[in-house]
Amino acid sequence: MYNMKIAVSSYSYSALDTDDFSRMHLAKEMGFDGIEFAEIHPADGVDKAEHARQLKALSEELSLPITNYAIGADFINRDVDAEIERLKGEVDIAEILGVKTMRHDASGGPEGERFSLTGFEKYLPVLAKGCRGVTEYAAQKGIKTSVENHGFYCQQSDRVEALMNAVDNDNFGWLVDIGNFMCADEKPIDAVKVGAKYAVYAHVKDFYFVDKSEPQPEGYFDTRGGNHICGSVLGDGVVPVKACIDILKAEGYDGWVTLEYEGQESPLTGVKKGLKFLKKQI
């Protein structure tokens with residue numbers, strides 16, 4: 001028996017001129033079970049911890065759990081020890097929000113190597129040190145940390161799996177984003193099979209795809225291999241959503257499934273359509 005619940009990433013509403021509180025109200029109105037915050041954005045003069053307390057209070061008022069806290073990080077282009085300390089502060093914010101999982105980046109890669117197919121092994125010990133330092137601190141607070149297949153450099157499944165094995169800590173896992181693998185020219189089904197056993201959280205998103213032999217359409221961006229993709233309403237693109245969710249289920253994942261939308265249609269309609277589609281898959 002699976003009890004997957006559906007959340008929405010606050011990032012899905014990025015195209016709207018709204019604050020964090022408005023995004024929570026939107027998520028509730030649209031029928032989501034929870035909301036993930038991809039960064040939080042205090043108003044001018046408001047302390048970040050106080051803003052987190054206010055979000056937690058609204059979460060309880062709306063009966064809309066905050067399901068995950070996702071933030072940026074870079075252990076290669078910043079001093080690794082200083083970055084660990086900074087992220088410990090973000091773990092403290094995650095604790096205030098009441099989440100049990102927190103995702104941070106590992107790195108976008110060294111300057112000029114974001115799309116490189118080689119050189120990752122050289123930096124793996126530094127990335128592992130950073131991730132391990134953060135997760136050891138987070139474990140004391142009952143919060144699991146993770147990285148996502150995201151940002152080109154740490155996006156392909158074999159690199160993320162190598163990082164999982166290098167960190168080698170039960171408190172550290174993988175935020176599996178079923179669509180993001182396309183940015184590294186991987187087939188989502190094959191890549192999700194690699195990531196599912198490490199999954200502590202899941203994102204679902206969809207993309208349109210145009211082969212690199214064709215001109216880049218307006219609004220599309222290039223994958224690492226030069227193909228062209230563009231965010232779509234969930235279910236309208238080429239990502240095999242149900243098959244990927246079934247792979248996660250087969251590996252025993254029973255956590256939140258979070259819709260992340262970055263299409264060109266307004267989130268007011270695009271996110272709603274995606275939720276309707278996702279409910280049918282789950």
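Me: In what sense do β9 and β10 pair, and over how many bridges?

Reply: This is a predicted model, and in it β9 and strand β10, which covers residues 228–232, pair in the antiparallel sense over 2 bridges. The bridge partner of Asp222 in β10 is His228.

Me: Is β10 buried or exposed, then?

Reply: Of the 5 residues of β10, 5 are buried, so the strand is largely enclosed by the rest of the structure. His228, Cys230 and Ser232 point one way from the strand, whereas Ile229 and Gly231 point the other way, and all of them are buried.

Me: Changing topic to the helices: which residues of α1 are buried?

Reply: Asp20, Arg23, Met24, Leu26, Ala27 and Met30 are the buried residues in α1. Seen down the axis of α1, these buried residues fall within an arc of 160 degrees, so they line one face of the helix.

Me: What does that face pack against?

Reply: The buried residues of α1 pack against β1 (6–9), β2, α2, β3 and α8 (267–281).

Me: How do the ends of α1 look?

Reply: At the N-terminal end, Asp19 caps α1, with a side-chain oxygen lying 3.2 Å from the backbone nitrogen of Phe21. Just after α1, Gly31 takes a positive phi of about 100 degrees.

Me: What caps the N-terminal end of α2?

Reply: Asp47 does so, through a side-chain oxygen that lies 3.0 Å from the backbone nitrogen of Ala49. The helix α2 itself runs over residues 48–62, and its 15 residues reach 21 Å from the first C-alpha to the last, close to the 21 Å expected at 1.5 Å a residue. The residue that follows α2 is Ser63, whose phi is positive, near 55 degrees.

Me: Which α2 residues are buried, and what covers them?

Reply: Ala49, His51, Ala52, Leu55, Leu58, Ser59 and Leu62 are the buried residues of α2. What covers them includes α1 (20–30), β2 (34–38), β3 (66–71) and α3 (80–97).

Me: How many residues does the largest nonpolar core have?

Reply: That core has 88 residues, and those with the most contacts inside it are Tyr13, Met24, Phe32, Tyr69, Leu163 and Leu278. Helix α4 (residues 120–139) gives the most to this core, with 8 residues.

Me: What does Leu278 touch?

Reply: Not counting residues up to four places away in sequence, Leu278 touches Ile6, Val204, Leu234, Val241, Ile245, Val257 and Leu259. In general terms, nonpolar side chains tend to be buried together in soluble globular proteins.

Me: I was also looking at Gln155. Where is it, and is it buried or exposed?

Reply: Gln155 sits in the loop between β5 (144–148) and α5 (157–167), and it is buried, with a relative accessible area of 2%.

Me: What does the side chain of Gln155 reach?

Reply: It reaches the backbone nitrogen of Phe152 at 2.4 Å, and a polar atom of the Gln155 side chain lies 2.8 Å from the backbone oxygen of Asn180. Leaving aside neighbours within four places in sequence, the residues in contact with Gln155 include His150, Val160, Phe181, Cys183 and Glu186.

Me: Last one: where does Glu262 lie, and what does it touch?

Reply: Glu262 lies in the loop between β11 (257–259) and α8, and it is partly exposed, with a relative accessible area of 28%. Not counting residues up to four places away in sequence, Glu262 touches Tyr11, Lys205, Phe207 and Gly231. With Tyr11, the Glu262 side chain makes a polar contact to the side chain at 3.2 Å. The C-alpha atoms of Glu262 and Tyr13 are separated by 8.4 Å, although these residues are 249 residues apart along the chain.

Notes:
Residues numbered from 1 in each chain as written. Predicted model: local features only at pLDDT ≥ 70, side-chain atom pairs only at ≥ 80, totals over all residues. Heavy atoms only, no water. Helix = DSSP H or I, 4+ residues; strand = E, 2+ residues; numbered from the N terminus. Expected span 1.5 Å × (residues − 1). Buried < 20%, exposed > 50% of the residue type's maximum accessible area, 1.4 Å probe, protein only. Contact = heavy atoms within 4.5 Å. Polar contact = N/O pair within 3.5 Å; in protein donor to acceptor, adjacent residues only side chain to side chain. Core = buried A, V, L, I, M, F, W, Y, C linked by side-chain atoms within 4.5 Å. Pairing = 2+ DSSP bridges. Arc of directions from axis to C-beta.
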